[in-house]
Amino acid sequence: MEEIEMLHGAIRLAGINAGLKPEERALIVCDTDNLALAKVLAYAIKSIGAEYSICIMEPRSTHGENPTDAIAAAMQEADVIFAPTRFSLSHSEARIRANENGARFISMPDYSRDMMKKGGALDADFLGIYETVKTLQKVLTDAGEIKITTDAGTDMTVQTAGRIGNEVSGVCRMPGTWGSPPNIEVNVSPIEDQSSGVVVVDGSIPMPEIGVLREPVILKIEKGKIVDYSGGSAAETFRALLKTEENSANDTLAEFGIGLNDRAVLKGSMLEDEGAYGTCHFGFGFNKDQGGESDASVHIDCVFREPDVVVDGKKIIQKGILIL
């Protein structure tokens, strides 16, 4: 019975988000934690009449880590790739190369079975919201300076002149596109050494070790780097996650993103949290695939609620509500 309920989301992912066609080759890349999701996706792909293959690996250790070499090679031969894995492959070199080869990539890290059922964030009007995504993408592409504040205490100024706005719309119907539904967001990579201020993360840090926050994590940023962490055990856990591999770029402010999915709520799941309407997030670490220059070993997002966002002197978001 549960598999039948999950099929609702799988059919939407294959038919709406990926626009899968009967003549196409689909590849499901999963780890040993997500075999049930892979099976349901296979049913959905088969119902469309497309060909599918499933590759299974051990879970990776963090977001952005590459799959096995054999799976990376298989990704080069697919038209559409679905990736239900514990950690995201979105920021991996394997995903980048597959996109460059024309594949469409649906990232599905840390999916829950409930996420696939009717009535959740996957029921968002992805195609209807796409116009808003494109409008906001242009705003961020044209931006020079973005100021982000919240009543909780966030007060950040980032410089973005020359950086591109990126759409993560969940709509992956054209060759070379990628998305991570139910996430719907637009983001930009700030110039790495020109961001300063304070981030009060009062939503979530969607990693298994942290999730939805019980108390805020406060990050002080100078010249694009975190110079101070405070806020209890979650702050110390976040610091440890960034320092795991002793990469000096891991604590770089790498992304500013705006959530646009009005069906999403904060649950501690990366794809739902960072795309939740009414929130924004800062990502730390790797951003070379988003138009930045930070070649870090991780990418971790920090979600905060009800922001005010001012782009080059014009307010575009007030208390989390888009007023553009």
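Biologist: What volume does the largest cavity have?
Modeller: This is a predicted model, with local features needing pLDDT of at least 70 and side-chain atom pairs counting only at pLDDT 80 or more, while totals for chains, interfaces and linings use all residues. Residues are numbered from 1 along each chain, and side-chain values use heavy atoms, without hydrogens or water. A cavity is a set of points on a 1 Å grid over the protein atoms alone where a 1.4 Å probe fits but cannot get out. Filled by probe spheres set on its points, the largest cavity comes to about 130 Å³.

Biologist: Which residues lie nearest its centre?
Modeller: The lining (an atom within 4 Å of a point) of the largest cavity has 18 residues. By class, four are nonpolar, ten polar and four charged. Nearest the centre lie His91, Trp178, Glu185, Glu274 and Asp301.

Biologist: Which elements each supply at least two residues of that lining?
Modeller: Elements are DSSP runs: helices of at least four residues, strands of at least two. For the largest cavity, they are strand E9 (185-188), helix H7 (270-273) and strand E17 (299-305).

Biologist: How many charged residues line the second largest cavity?
Modeller: About 50 Å³ of space lies in the second largest cavity. Its lining includes Ile258, Leu260, Tyr277, Cys280 and Ile317. Strands E15 (253-259), E16 (279-285) and E20 (321-322) give two or more residues each. Eight lining residues are nonpolar and four polar; the number charged is none.

Note on methods
1 Å grid on protein atoms, 1.4 Å probe; cavity = no way out; pocket = protein on both sides within 12 Å on 5 of 7 lines; lining within 4 Å. Nonpolar A, V, L, I, M, F, W, Y, C, P; charged D, E, K, R; others polar.
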